[in-house]
Amino acid sequence: MVTEVELCGIKLINPVIPASGTFGFGLEMAGAFDLNLLGGISLKGTTKEPRYGNECPRIAECPGGLINSVGLQNPGIDALLNDNVPALRKIYGGVVIANISGFSVDEYVYCCRKADASSDIDILEVNVSCPNVHGGGMAFGTSAKAAAEVTAAVKAVTGKPVFVKLSPNVTDITAIARACEDAGADGLTLINTILGMRIDIVRRRPVTAEKYGGFSGRSVFPVALRMVNQVASACSIPVMGCGGVSCAEDVIEMMMAGATAVQVGAENLRNPMVCAQITEQLPSVMERLGINDLKEIIKVI
């Protein structure tokens, strides 16, 4: 069974990638299983400066998932490049994806330029779900024009493949996807979390310190699958599918919808071993379904 896939000329031993924000910097899981079972690792989202993040509580449980409002807590781009990534590379030889966030175009450019210079990073994943502090606080990813502006600016200072991570909190995700492709994006990742809310009916206030947060987990899988299929049909660049994936069958389904690689997010928080389990189960699931090579099933629907 051939599980190898390719993203922009970069080979992955399989399509399974822990999603940003659900797997730390990889090092946290090094004692649990051999990280080299994974096709790639998308690192925790990074900004120019260190961030404490939002006040607690940051997590609210939901049927079939959770809401998080962590607020991009991270040690900053310099710590990522000087400490986290070199440490990861000592134990992991697969594809490393740096997830970059920013609150202005200049911040995206600054971080991506620095990450691009690192020989330990293979792919840049640009998260356009951050609020544009120079544009009234609206997320870059909710505007085709703003998403394209970030994409073009980043591509002007980088040589590595750039995947733009799209927000599902929009009316037409294909318009934004095409705008990013036209601006030079090498690939797209989707979906990010869906804006949600929980209320503590005893205290009569939101469960999380921030009123709203990102909803993720198994319940969002059908939404993510639909958006992956729409974008894969509208664009010619590769897609990394993400959203509600929890088993090997979900990986197959995502690929049939159009994903070349598949990220596993919230399920890591419920079951930290899930990515290793999926990589081990994939060959037997492929055999049961009569699939000899995963590349043959990408976008069959």
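Select β6 (65-68), β14 (213-216) and α7 (267-270): each gives at least two residues to the lining of the largest pocket. Keep in mind that this is a predicted model.

Now show the centre. Asn68, Asn127, Asn192, Thr193 and Gly214 lie nearest to it, out of 50 lining residues. The volume of this largest pocket is about 1,300 Å³. Colour the lining by class: 25 residues are polar, 18 nonpolar and seven charged.

Next, the second largest pocket. Select Glu61, Cys62, Gly64, Gly65, Leu66, Ser216, Gly217, Arg218, Ala266, Glu267, Leu269 and Arg270, which line it. Here β5 (59-62), β6 and α7 each contribute two or more residues. The largest share, three residues, comes from α7. This pocket holds about 170 Å³ of space. Its lining splits into four nonpolar, four polar and four charged residues.

Last stop: the helices. Select α4 (residues 173-182) and α5 (residues 221-234), whose axes lie 9 Å apart at an angle of about 45°. That angle makes α4 oblique to α5. The crossing of α4 past α5 is right-handed.

Show side chains at the contact. From α4, pick Ile173, Thr174, Ala177, Arg178 and Glu181; from α5, pick Met227, Gln230, Val231 and Ala234, which they meet. By class, this contact has five nonpolar, two polar and two charged residues.

Note on methods:
Residues numbered from 1 in each chain as written. Predicted model: local features only at pLDDT ≥ 70, side-chain atom pairs only at ≥ 80, totals over all residues. Heavy atoms only, no water. Axes fitted to C-alpha atoms, helices over the stretch in contact; angles between N-to-C directions. Helix = DSSP H or I, 4+ residues; strand = E, 2+ residues; numbered from the N terminus. Parallel < 35°, antiparallel > 145°, perpendicular 65-115°, else oblique. Left-handed = near helix turned anticlockwise from the far one by under 90°. Contact = heavy atoms within 4.5 Å. Nonpolar A, V, L, I, M, F, W, Y, C, P; charged D, E, K, R; others polar. 1 Å grid on protein atoms, 1.4 Å probe; cavity = no way out; pocket = protein on both sides within 12 Å on 5 of 7 lines; lining within 4 Å. Points joined across faces, edges and corners; volume = space filled by probe spheres on them.
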